[in-house]
Amino acid sequence: MTHFGKFIIFKWVSSNFVGSNKTRLSSIVSLFNIAENPRFYSTKRIVQTENGQSISPVSRTEAQVALLEYLYFTRNIQFTDAENMSKNSPHFLEKLLAKVDMDADIAQSITRFLCFHPINEFEPFFESLGLKPHDYNPLLPRDLMFLCDDGLLLENYHVLCNYGIARSKIGKIYKEATEVFRYDYGVLALKLKAYEDLGLSQSFMIKLVVCSPYLLIGEVNADFIKVLEILRKQGVEISRIEEHLSEKSSYDWSKLLSLLNLFGHAGYNEEQLGGLISQHLEIFLEDSVDRIYLLIGFLLKFGSTMNQICSMILQFPQMKFEEFFSNLRNCFLFLNEIRMEAREIQNIFCSDPLMLGSCRLKKPNTLHLALHAADKRMCKVIQENPQILKKWVMGSKVKRLPSLRLKSRKLKTKFLLDLGIVDDSNEIGKAVKVFRGSGEKFQERFDCIVEAGFSRKDVCGMIKASPQILNQTKDVLEKKIDFLVNNVGYPVSYLVTFPSYLNFTTQRVELRLAMYNWLKDQGKSVSMLSLRSLISLSDKRFIDEYVNSHPRGPQIWQDLKKEIYDE
């Protein structure tokens with residue numbers, strides 16, 4: 001039923017049901033409400049008031065009608081306003097029902113209550129505009145209770161209603177731009193017309209006012225006009241802008257203007273900027289400007305340049321920017337949670353932020369179980385191939401990673417066969433057991449020895465003679481070779497004849513040489529020993545034959561040992 005129809009019925013009822021009969025008004029109006037939705041059963045759950053009383057749909061309807069009757073007949077509020085207030089203020093209605101006897105006639109109880117307890121009409125009014133109690137409580141006038149006492153509020157409210165703005169959206173305008181409702185008569189209409197004179201349609205203005213209420217404050221907003229000029233200059237039609245505006249969002253056109261200028265300062269000419277805006281208009285009009293600034297700062301911190309960021313936005317995938325930014329942030333948290341080094345995270349973010357923003361990753365704990373891998377291995381897999389993250393997204397079936405032991409064995413076998421260290425495939429099983437560590441490390445250690453000044457052929461011969469030398473890390477091998485050349489004074493080529501030197505610690509070599517030289521300095525007649533013989537002797541034999549050959553030998557041995565090993 002139209003508002004006009006309801007108004008005619010109310011006028012007829014009020015003129016024919018007077019005196020004691022007027023109490024039947026609520027019941028008659030209830031019949032019209034039921035006729036609009038002819039159900040013979042309830043489709044809504046029964047709710048409770050603040051004091052625990054149950055409110056049925058029928059009781060709620062009777063309460064709405066009683067409130068409507070009070071606002072329209074008693075308070076002389078316009079019918080459409082009174083109807084909107086009674087139907088769209090559920091919190092206020094529940095509070096009102098909590099104050100009356102629910103077991104008696106609801107309509108009569110509320111009517112009687114309102115006769116002796118005038119309400120603050122601004123509460124149901126603001127709630128009917130789409131505001132929640134926690135939103136409108138700070139906005140309630142301190143010295144007013146009746147709407148009719150604030151003529152400017154009602155005047156500007158009606159201007160917006162008559163312009164075509166939904167009543168439920170006006171609360172957002174009031175909350176964000178209260179000054180608009182203090183304008184004198186006729187001022188607000190002139191401000192709306194000023195924007196229309198710029199070529200903006202009424203439908204566009206309705207959306208614009210709801211998502212950017214502050215535009216109605218003061219003169220025509222200069223930043224908005226500049227943004228509009230830039231978009232129009234780039235061939236973006238007003239209809240496209242209107243399509244992407246959301247009444248649920250709030251837009252700051254000054255920030256958007258600064259962002260467009262930022263791209264201009266980054267070196268984008270008008271044609272490139274036009275392409276950027278035209279292709280991804282939704283990014284700039286998706287209530288995402290603040291997130292774009294956060295994204296730019298985020299990527300700049302990781303070492304990206306503005307040109308790289310602009311290029312990324314040009315290639316932006318078909319998805320909501322909010323979702324993209326959330327994915328990117330969660331990828332960072334994911335990599336941080338699996339303890340990836342900051343430098344590696346930076347490399348991944350700089351290399352492919354678009355891929356990261358497109359991936360909604362599973363949780364690390366979920367992937368630990370699915371991959372059968374700990375943090376360290378997951379980091380290594382990602383560093384080797386960041387694209388693997390595409391296979392770890394929500395909704396995908398994650399395959400278990402290959403066994404490290406099997407992978408290491410394959411690498412060891414390939415290494416041994418490629419170098420010819422093992423010729424017979426039957427000997428591979430025995431040879432692989434000799435080498436400890438992951439297979440991929442052996443090539444690194446082999447290259448380390450080659451770089452010390454050997455040919456590949458010489459190193460292969462050394463490994464065949466003493467395979468255990470590859471069980472040491474690259475750093476340890478470099479340290480032992482350096483000690484041989486710079487401390488012992490032997491040429492590096494000595495290792496070709498005695499590769500087993502690399503199996504002994506530098507402390508052992510230094511201790512044996514120091515003890516041997518001390519004995520010689522004491523004039524003790526000791527047989528000449530090669531380095532091979534000196535360090536190859538067991539501790540027991542070296543002590544029996546050399547250390548104990550001098551009375552002070554054992555004490556000197558202990559002093560040297562303590563000094564060298566402590567260092």
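Arg-339 lies in the loop between helix 20 and helix 21; helices here are DSSP runs (H or I, at least four residues), numbered from the N terminus. This is a predicted model, where local features need pLDDT of at least 70, side-chain atom pairs count only at pLDDT 80 or more, and totals for chains, interfaces and linings use all residues. Residues are numbered from 1 along each chain as its sequence is written, and side-chain values use heavy atoms, with hydrogens and water left out.

Back to Arg-339. Its phi is near 65°, a positive value in a residue other than glycine. Arg-339 counts as exposed because its relative accessibility is 65%; buried means under 20% relative accessible area, exposed over 50%, partly exposed in between (1.4 Å probe, protein chains only).

Next, helix 21, residues 342-351. Which of its residues are buried? They are Glu-344, Ile-345, Ile-348 and Phe-349. These cover an arc of only 130° around the axis, so they sit on the same side of helix 21; the arc is taken from the directions from the helix axis to the C-beta atoms. Ala-342 and Ser-351 are exposed, on the face turned away from the buried side. The cover over the buried residues includes helix 18 (289-301), helix 20 (321-337), helix 22 (353-357) and helix 24 (375-384), where contact means heavy atoms within 4.5 Å.

Last, His-372, in the loop between helix 23 (364-371) and helix 24. Phi of His-372 is near 55°, again positive in a residue other than glycine. With 49% relative accessibility, His-372 counts as partly exposed.

Note on methods
Helices (H or I, at least four residues) and strands (E, at least two) are DSSP runs, numbered from the N terminus.
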